[in-house]
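Notebook open, new structure on the screen. I'll jot down what I look up as I go.

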Amino acid sequence: MSMDENYTYITLSIIQAFLSLFGSSLILTAIARFHYLKNTTNIFVASLAVSDLIIGPLMTCVYEPTNILQGLSSDVSTYSVWRSLCVCGLAVAFLGGGLEVVSLFGIALERYIYIQHPMKYSTLMSARKAVFAVIFLWIFAFSLMLPAVLLNVKLEPGDWCLTGSVLDTNYYWKFVVPCFIVVSFMIITMYSKIALTAKAKNKTGVHQLFQKSETKTIKASRKDFKVVKMMILILGIYLVSYIPLMILIAITDAGASNSLIIVYFVSVTLWKVSSWSNALVYGFMNRQFRMAFITILHLKRFYTSTELETLHTIH
């Protein structure tokens, strides 16, 4: 990969890191500051925002310098420093990816219980239990992802800091990929069932609305349907951005061709889109987060009183 291509990749990474830092910080600030966002669902959303901070700013600070300083890998005197930086950077990248998918699983599970088993929700899910669930999911992600990087380091002087250079491919195929497939399948299955249920409730609500008998229950069903659509969109962005990278991890190694290395870094750039796009999705599709963002960023002066009154009406 040429220096111009390398600098282009680094520039895009820095831009995405700032977007991720801004968006994720906005989400975490909104959840911490506004009482109407302090709910069980948003405990998992906060976990997802933290994983985005790892993939965006932290990964950029730790992993990307290895690409700028790739020339150090050929120098015997600086190779050990570069090697340590590369391993740490890839460990951060793998950890961020693992935390992201388990956070999405936590969100899906919480929504599944809430919509599919509403009578059991208060028993099965609470803020305290959600915190313990997040802790458990994080421990699972740590124990699964870190060994993928640390078990078998096979970097040699002159190599690029690519995942295939450090990765124990046997561990990757036996544990990481199956877990990713199983967890993703479970998330998709839960959202499929949730979508069918929420859509049916929404249709019932619309039918009763025409009969002028809309109730709080109907309004809640419509709100649930909107939340499900938002979460499915977030999941879709994650899968579309991450699957190409997973495929390239399996076929890219230290001796990969220049064109394959370029494609690898393009896929990493695509993956990072999920680290800053979530804030945009929340802002556009969730009225509570949108109102919180407007307040935090002091944007109320750009809205009319009627628009602000509409935003304050939480459906």
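I began with disulfides, meaning a pair of cysteine sulfur atoms within 2.5 Å. By that rule I get a count of 0 disulfides.

A note on what I'm working with: this is a predicted model, where local features need pLDDT of at least 70, side-chain atom pairs count only at pLDDT 80 or more, and totals for chains, interfaces and linings use all residues. Residues are numbered from 1 along each chain as its sequence is written, and side-chain values use heavy atoms, with hydrogens and water left out.

I call a residue buried under 20% relative accessible area, exposed over 50% and partly exposed in between (1.4 Å probe, protein chains only). C61 has 58% relative accessibility, so I put it down as exposed. C179, at 24%, goes down as partly exposed.

Then S13, which I found in helix α1, residues 3-33. Helices here are DSSP runs of H or I, at least four residues, numbered from the N terminus. S13 is buried, with a relative accessible area of 1%. Setting aside neighbours within four places in sequence, I see S13 in contact (heavy atoms within 4.5 Å) with T60, E64 and K272.

Last, helix α12, residues 287-296. Why is α12 largely enclosed by the rest of the structure? Because 8 of its 10 residues are buried. I listed them: Q288, F289, M291, A292, F293, I294, T295 and I296. At the start of α12, a side-chain oxygen of N286 comes within 3.0 Å of the backbone nitrogen of Q288. Just after α12, H298 has a positive phi of about 55°.

How values were computed. Helices (H or I, at least four residues) and strands (E, at least two) are DSSP runs, numbered from the N terminus. A polar contact is a pair of N or O atoms within 3.5 Å; within protein, one must be able to donate a hydrogen and the other to accept it, and residues adjacent in sequence count only if both atoms are side-chain atoms.
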